[in-house]
Structure formats: C-alpha cells, structure tokens
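Here is a short note to read alongside the model.

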Amino acid sequence: MCRVVAISNQKGGVGKTTTSIGIGTSLAKMGKKVLLVDLDPQGNCTKAFGIEKFNKSISNVLSQSSSIKRTIKKTIMPGCDIIPSDLSLAFLDSSKLNNPHPESILKNALSEIEYKYDYILIDCPPSLGSLNVNALVAANKVLIPVQCEFFALEGVTQILATISNIKEKYNPKIEILGFLISMYDPRNKLSIEISSEIRSQFKEAVFDTIIPRNISIPESQAKGIPTILFRPNSSGAVAYYQATREFIERDKIIYQK
Ligand SMILES: Nc1ncnc2c1ncn2[C@@H]1O[C@H](COP(=O)(O)OP(=O)(O)O)[C@@H](O)[C@H]1O
Ligand SMILES: [Mg+2]
C-alpha cells in the first residue's frame, strides 16, 4: 500500500526540500518506487534534479487542467519520479477553482496514481496556506524538519496547531511521523542547545539520526544531481540514508505525545 508523507514546516530554509530529496532518493536506492511532489512555487526540488523544461506541472494537477499521469516526470535517480513545480503555482487562486472541496484536490488526484508507488513525498511550501492544507489532507503522515536555530521551536508550534486543525476538520487519521533535526553543526553551541531542547520537548518523536551541515548538499543541488549520486560517501548522503531506514521504521509506529 502506498504511503503519502508530507514534508512540512512553514518556516523557509529549514531543510524541507533537501529532506524530500534525501529521503526520496534513498528510498529509491533501497528499491522502493517513489514519487516526489514539488508543491513549492519556488520549484527548488525540481531544479535540484536539474529539471528545467516541462510542459505540465503540479499547477495543472491543482487547477485540474491535466490528468495527473501526464504531469509525472522521471528523474536522473532510477525509481524516483517527480511532479515538477514552477512559479505558475504562486498564481493559482484556489478560491476561483470550480470545486466544492478545494482542499481535497491533491488527495483525489494522487489516488489515481497511488498504485504505482510505495511512497509519495510532498515537498511543502514555506507557508500555511491552501497548498499546505492540500498536502496535509492528502498525507498519511507528516515529517517535520527542524533547523537548530533560535526560533525553530516557535515555528514547530504553528505547524502542530495546523496539523491538529486539519485532523479535526478533514483528515482524522493524519499522524506525525517525526521531527528530523537538520543542518546540525556540532561546532556551534546554539546548534547543540537547540537540538537538546527539541529532544526534551518532543522526546521519542525526534529521529535518532541527525542531519549534519555538509557542503556536498548545496553543491549537488547546484549541479542538479541528488547527493546520493553526486557524493554518495559524503556525510550528508550517508546521514539521509540512515534517516531513511528510520523513516521506514517510524512510519509503522504511531507516536503519542
Ligand atoms: N544538511 C545541509 N547542509 C548544508 N546545507 C544544507 C543542508 N540542508 C539544506 N541545506 C541548504 O540550505 C538551504 C535551505 O534548505 P532547503 O532544503 O531548501 O529548505 P526549505 O525547503 O525548508 O526551504 C538550501 O540552500 C540547501 O542547499
Ligand atoms: Mg523548499
């Protein structure tokens, strides 16, 4: 059965896109069939795969102007497909969509192609608007990347409130898969302090694996090649592979706070 996981946190620059790619490509390397959904108008996930030209995108899915099948593209990573995104997504006005349930458009579209995949990962935009709502309505679980910086916990409080709202209104089964500490720098005292604060607050819901800050990650994104192919032995690629093992295990468990 296909698992749909939203990678979400309304703060920008916390590692959502990098985590979507890192876990998506590691799952593919483990032999799983993966679809990445780029749900951010910035299209960073799309660009990180070196994909520049495409006729159809996630905008066509949400505006229901194309069948979802026609928007799927293969990536350089075998077993890992993507629905690309670009700036046109920013101009999509969900209130103008002629649909009585605009929050369920992505969920309904994904249900047509779920049979093809083991995992669908949704790379969410840095906002709590209708795109993020569509992702949380479609998802079985949410993975929340957290960067070790001063306002990290404040951002987490907001995403948790949004998730419980969605749970109440639209998606009673949604659960938190876990919190993943990203861009960790052991030389930075604040990094150490914040990561221990995150652990003391969210306890076993925090991944044991920590993603270190690693230059191979932005370098590979700039090249348009996933880190697991570009620098497979880098600390970043290895950490995401390890986090993916945990991801699979954690997906089977429901954490109670
Ligand atoms: N572990 C890491 N080490 C070094 N740079 C990273 C790491 N994770 C992400 N980055 C960089 O930080 C920036 C923000 O990450 P990104 O995944 O795009 O965050 P988000 O999707 O939440 O906005 C990007 O430029 C990315 O290349
Ligand atoms: Mg992003």
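Predicted model: local features only at pLDDT ≥ 70, side-chain atom pairs only at ≥ 80, totals over all residues.

1. Start with helix α6, residues 152–169. The helix has 18 residues. From first C-alpha to last, α6 reaches 26 Å, close to the 26 Å expected at 1.5 Å a residue.

2. Which residues of α6 are buried? They are A152, V156, I159, I163 and I166. Viewed down the axis of α6, these buried residues fall within an arc of 85°, so they line one face of the helix.

3. The face turned away from the buried side carries the exposed residues E154, T157, A161, S164, E168 and K169.

4. What covers the buried residues of α6? The cover includes two helices, α5 (130–138) and α7 (189–202). It also includes the strands β6 (141–147) and β7 (175–182).

5. Those strands deserve a look. β6 and β7 pair in the parallel sense, over 7 bridges. One pairing to find on screen: I144 has F179, in β7, as its bridge partner. In β7, 6 of the 8 residues are buried, so this strand is largely enclosed by the rest of the structure.

6. Last, the ligand. Around ligand 1 there are 18 residues, and K16, T17, T18, R213 and P218 come nearest. The elements giving two or more residues to this shell are α1 (16–29) and α8 (216–223). By class, the shell divides into 6 nonpolar, 10 polar and 2 charged residues.

Conventions:
Residues numbered from 1 in each chain as written. Chains lettered and ligands numbered in written order. Near = placed C-beta within 6 Å. Helix = DSSP H or I, 4+ residues; strand = E, 2+ residues; numbered from the N terminus. Nonpolar A, V, L, I, M, F, W, Y, C, P; charged D, E, K, R; others polar. Expected span 1.5 Å × (residues − 1). Buried ≥ 20, exposed ≤ 12 C-beta atoms within 10 Å, placed from the backbone. Arc of directions from axis to C-beta. Contact = placed C-beta atoms within 7 Å. Pairing = 2+ DSSP bridges.
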